[in-house]
Amino acid sequence: MVGGGGGDDSSDSSPYPSGEMLLSVRDLRVVFGRNSKHQRQVVAVDEVSFDVDRGQHLGLVGESGSGKSVTSLAVMGLLPRRGVKVSGEVLFAGENLLTASERRMRAVRGRDIAMIFQDPMTSLNPVLTIGTQLEEVIESHRKLDSGAARKKAGELLEMVAMPDAGHRLKDYPHQLSGGMRQRVLIAIALANEPRLIIADEPTTALDVTIQAQVLEILKQVVADTGTALIMITHDLGVVAGLCDSVRVMYQGRVVEAAPRRPLFAEPRHPYTNGLLASVPRLDTPRGEPLTPIPGSPTDVLSWSKGCAFAPRCPNRVDECEQTAPRLEESGARSLRCYNPVEHARRGVSA
Amino acid sequence: MTIPLEPQHATGVPTARDDDEPGVSLWRAAWRRMIRNPAAIAGALIVLAFALVAIFAPLLAPYSEGVQDWRGDVTPSDVPGPRDGNLLGVDRYGADLFSQIIYGARQSLIVGVVSTAGGLAVGALLGIIAGGLGKMADTIVMRIVDIMLSIPSLLLAVSIVAVLGQERKSVMIAIAAAQVPIFARLLRGSMLAQRNADYVLAANSLGLRRRTIVMSHVLPNSLGPTIVQATLNLATAIIEVAALSYLGLGGGDLAEAEWGRMLVAAQDRFDESPQLAFGPGIAILISALGFTLLGEGLRDALDPKGRR
């Protein structure tokens with residue numbers, strides 16, 4: 001059974017014009033709440049633009065509340081309709097998903113774009129076997145008899161290196177470990193060979209050794225299938241191992257955008273720099289304190305009065321507190337800062 | 001003082017437990033928790049005994065239903081109490097009291113089960129409509145349910161019997177109708193809670209159809225409290241059957257034994273012959289207690305907080 005209506009198959013057969021991005025997000029803005037006496041609007045995401053090409057892996061990095069998850073939900077059209085205003089453009093293969101009907105979105109979700117959620121403990125239905133849940137997704141987007149769907153489900157579990165894949169189909173989620181559940185979620189996301197996978201902190205709920213395993217599997221399957229990936233994370237280590245390019249978000253806006261290597265070698269925004277400096281390193285002498293970014297994110301509306309990062313910024317200049325900086329493009333990189341970190345003096349490679 | 005670390009205490013760690021063999025569903029795990037609960041077992045045994053008594057009444061009762069062979073022994077001033085041949089004595093019409101109580105289980109069970117099943121079916125349907133279809137359906141259904149809830153359930157049942165006429169069918173409809181709002185509200189509430197669950201968001205992100213999400217994700221995860229409530233409502237239904245009969249609205253064949261009607265007959269002779277009231281009274285009490293214990297046991301077994 002095909003999940004949506006008649007026009008669904010057209011996008012499959014007609015490849016988009018060359019040069020067009022798989023996903024192109026333009027000036028995405030998400031506002032929660034209505035403006036009234038009792039309620040204040042909260043701008044969760046603002047001026048967010050990025051492109052993801054076929055097979056490309058993009059990292060969206062930021063701390064809690066930076067708007068990265070809201071961005072992904074907006075792309076999927078999964079934000080509640082009431083009390084949330086989404087503007088801008090989300091072009092998927094040229095089609096603006098923000099104006100697409102709910103019916104059309106149901107056809108896109110899971111088939112063209114799939115999502116892997118953060119918490120594998122709660123993202124699976126506890127009363128259904130994982131086999132049933134896999135089959136349900138497979139059958140919802142194409143015509144397959146249940147035997148074929150079951151076979152496909154077994155293959156998907158093998159793809160994500162599930163130990164004893166054949167027998168696991170009959171298991172319920174509570175019988176699997178966190179790492180195995182996350183593999184199931186990856187398998188479910190892959191079920192209909194989507195062109196884009198959005199992974200929202202897929203390893204955050206797992207312990208460190210399992211994180212590495214799951215990332216390795218994710219890396220493997222996206223490489224094998226040529227799927228484009230948006231990796232949402234607060235962990236720069238994850239980005240370093242997986243992504244071609246990175247958007248660093250702070251308080252709902254992109255503060256720095258760069259390909260992976262230049263970003264890690266020469267982080268220009270003080271926030272990016274602080275994030276990198278705060279990662280504990282094996283070569284730091286024992287007893288040396290870690291290097292945190294001082295303070296914590298303040299108000300979500302804080303871009304209205306200058307740069308939101310200014311209160312925590314070591315490079316702060318007077319201008320920062322007057323007007324919010326714009327995202328300036330230079331070559332392959334973009335930066336939202338008046339006084340970026342200079343790298344002649346910093347010496348990252350040392 | 002050291003606390004011995006028994007195996008069941010050690011299961012606070014989320015590792016494999018005895019419940020966690022392959023293919024053990026949540027329902028089966030709940031079943032295993034329930035059979036370890038003595039109160040639930042006691043409730044289940046009472047319910048089982050009650051059902052067996054109702055089904056095999058002709059075999060268990062010493063005399064047939066409605067046989068009033070001892071009419072001659074009953075005088076306005078004296079109803080024979082327990083004696084040889086009549087374990088609990090005879091009732092005011094000269095029938096064996098023990099046999100009448102056994103046959104009375106049939107009425108209570110049939111009316112209780114049918115009316116609860118009816119209430120559950122209609123209530124669950126309304127609950128699914130309210131909890132699964134969306135805001136508009138929710139508002140309409142829940143306002144109707146609110147109106148029903150604003151009438152005390154017994155009063156509602158009494159009015160329905162009064163309108164439909166005193167038949168057993170109308171008693172069942174009346175008791176079922178009184179239960180509909182309870183089930184509708186409960187199921188809607190747990191469905192709304194489940195709609196915000198992560199796996200429902202995940203299912204949405206996979207483009208599953210709304211019907212699939214409601215029927216195979218939201219609904220099965222919301223059924224626990226409703227099943228518990230159904231068991232508890234059986235106890236209420238049995239009491240309400242008796243209450244309606246007691247009020248003279250029980251309907252049905254007057255020759256059929258019915259606990260509520262037996263209580264009415266007993267009340268004006270309570271001083272002289274209390275056994276007439278105690279027999280059916282205790283029967284009502286024990287059967288209601290059985291369903292309540294079973295319901296509580298089910299609730300404990302299905303309660304997510306009880307799981308580790």
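Colleague: Where is A:Asp164 found?

Modeller: A:Asp164 sits in the loop between α5 (146-159) and α6 (165-168) of chain A; helices here are DSSP runs of H or I with at least four residues, strands are runs of E with at least two, and both are numbered from the N terminus. This is a predicted model, in which local features need pLDDT of at least 70 and side-chain atom pairs count only at pLDDT 80 or more, while totals for chains, interfaces and linings use all residues. Residues are numbered from 1 along each chain as its sequence is written, and chains are lettered from A and ligands numbered from 1 in the order in which they are written.

Colleague: What makes A:Gln251 buried?

Modeller: A:Gln251 has 25 other C-beta atoms within 10 Å, so it is buried. A:Gln251 lies in the loop between β9 (245-250) and β10 (253-259) of chain A, and has a positive phi of about 50 degrees although it is not a glycine.

Colleague: How do you know that the span of α5(A) is close to the expected one?

Modeller: The expected span is 1.5 Å times one less than the number of residues. With 14 residues, α5(A) reaches 20 Å from its first C-alpha to its last, close to the 20 Å expected.

Colleague: What puts the buried residues on the same side of α5(A)?

Modeller: The buried residues in α5(A) are A:Ala149, A:Ala153, A:Leu156 and A:Leu157. They cover an arc of only 95 degrees around the axis, so they are on the same side of α5(A); the arc is that of the directions from the helix axis to the C-beta atoms. Among the elements that cover them are α4 (130-141), α6 and α7 (178-190) of chain A.

Colleague: How many residues of chain B are in contact with chain A?

Modeller: Contact asks for C-beta atoms, placed from the backbone, within 7 Å. By that test, 22 residues of chain B are in contact with 30 residues of chain A. The helix α8(B) gives the most to that side of chain B, with six residues.

Note on methods: Two residues are in contact if their C-beta atoms, placed from the backbone, lie within 7 Å. A residue is buried if 20 or more other C-beta atoms lie within 10 Å of its own, exposed if 12 or fewer, and partly exposed in between; C-beta atoms are placed from the backbone.
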